[in-house]
Amino acid sequence: MTSDPGTPTLRESVDELDSRLARIGAAASTLRNLAPQIRHGIPPSTLLTLTETLERDLALASHQLDVVHDRAQLELSSLVDTPHLGERRG
């Protein structure tokens, strides 16, 4: 199956989703590390920056999840519509 140059492959879409999820995981780790400092009154700007970045990454990951789902459905439907190579007809 070929795709036009502007359309990412399923693999590229999965890689992008994986990157986004890794960023979200890193933000969760950062938040856990900030928790003790929050109790002691760190400046709210640090937390605001983290939450704004996390909000953006969550939105992008949600979009990328839709892209991966759509690409997987497209590839699955193309497999169903295409006879398997090497299959014998009797």
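# Briefing: a predicted chain with two helices

The protein chain has 2 helices and 0 strands; helices (H or I, at least four residues) and strands (E, at least two) are DSSP runs, numbered from the N terminus. This is a predicted model, in which local features need pLDDT of at least 70, side-chain atom pairs count only at pLDDT 80 or more, and totals for chains, interfaces and linings use all residues. Residues are numbered from 1 along each chain as its sequence is written, and side-chain values use heavy atoms, with hydrogens and water left out.

**The chain as a whole**

- Of the 90 residues in the protein chain, 14% count as buried; buried means under 20% relative accessible area, exposed over 50%, and partly exposed in between (1.4 Å probe, protein chains only).
- The protein chain exposes about 7100 Å², and carbon and sulfur atoms supply 58% of that area. Accessible areas come from the Shrake-Rupley method with a 1.4 Å probe, and for residues only the protein chains shown count as cover.
- Among contacts between residues at least 6 apart in sequence, 76% join residues at least 24 apart; contact means heavy atoms within 4.5 Å.

**Helix H1**

- Helix H1 covers residues 10–39, which is 30 residues. From its first C-alpha to its last, H1 reaches 44 Å, close to the 44 Å expected at 1.5 Å a residue; the expected span is 1.5 Å times one less than the number of residues.
- H1 has a kink of about 35 degrees at asparagine 33, shortly before proline 36. The bend at a residue is the angle between axes fitted to the seven residues ending there and the seven starting there.
- After H1 comes glycine 41, which has a positive phi, near 85 degrees.

**Where H1 meets H2**

- Ser13, Leu17, Arg20, Ile24, Ala27 and Leu34 are buried in H1. These buried residues pack against helix H2 (44–81).
- An α-helix has 3.6 residues a turn, so residues three or four places apart point the same way.
- Serine 13 lies in H1 and is buried, with a relative accessible area of 1%. Not counting residues up to four places away in sequence, serine 13 touches Pro8, Gln64, Val67, Val68 and Arg71.
- Valine 68 is found in H2 and is buried, at 14% relative accessible area. Leaving aside neighbours within four places in sequence, valine 68 is in contact with Leu10, Ser13, Val14 and Leu17.
- Valine 68 and glutamate 16 are 52 residues apart in sequence, while their C-alpha atoms are 9.2 Å apart in space.

**Salt bridges**

- The count comes to 6 salt bridges, where a salt bridge is a side-chain nitrogen of Lys or Arg within 4 Å of a carboxyl oxygen of Asp or Glu.
- Aspartate 15 forms a salt bridge with arginine 11, and the closest N and O atoms are 3.1 Å apart. Both residues lie in H1, 4 residues apart, about one turn of the helix. Aspartate 15 is partly exposed, with a relative accessible area of 36%, whereas arginine 11 is exposed, at 61%.
- Arginine 71 and glutamate 75 meet through their side chains in a salt bridge of 3.8 Å, N to O. Arginine 71 and glutamate 75 are 4 residues apart in H2, so about one helical turn separates them. Arginine 71 is buried, with a relative accessible area of 9%, and glutamate 75 is partly exposed, at 25%.
- Aspartate 57 and arginine 56 also meet in a salt bridge through their side chains, at 3.2 Å, N to O. Aspartate 57 is buried, with a relative accessible area of 2%, whereas arginine 56 counts as partly exposed, at 40%.
- A network of salt bridges links Glu16, Arg20, Arg23, Arg56 and Asp57.

**A surface patch**

- Leu76, Leu79 and Val80 form a nonpolar patch on the surface, with about 330 Å² of accessible area together. Patches are made of residues with over 30% relative accessible area and no salt bridge: like charges are joined within 9 Å, and nonpolar side chains (Val, Leu, Ile, Met, Phe, Trp, Tyr) within 5 Å.
- Leucine 76, one of the patch residues, lies in H2 and is exposed, with a relative accessible area of 53%.
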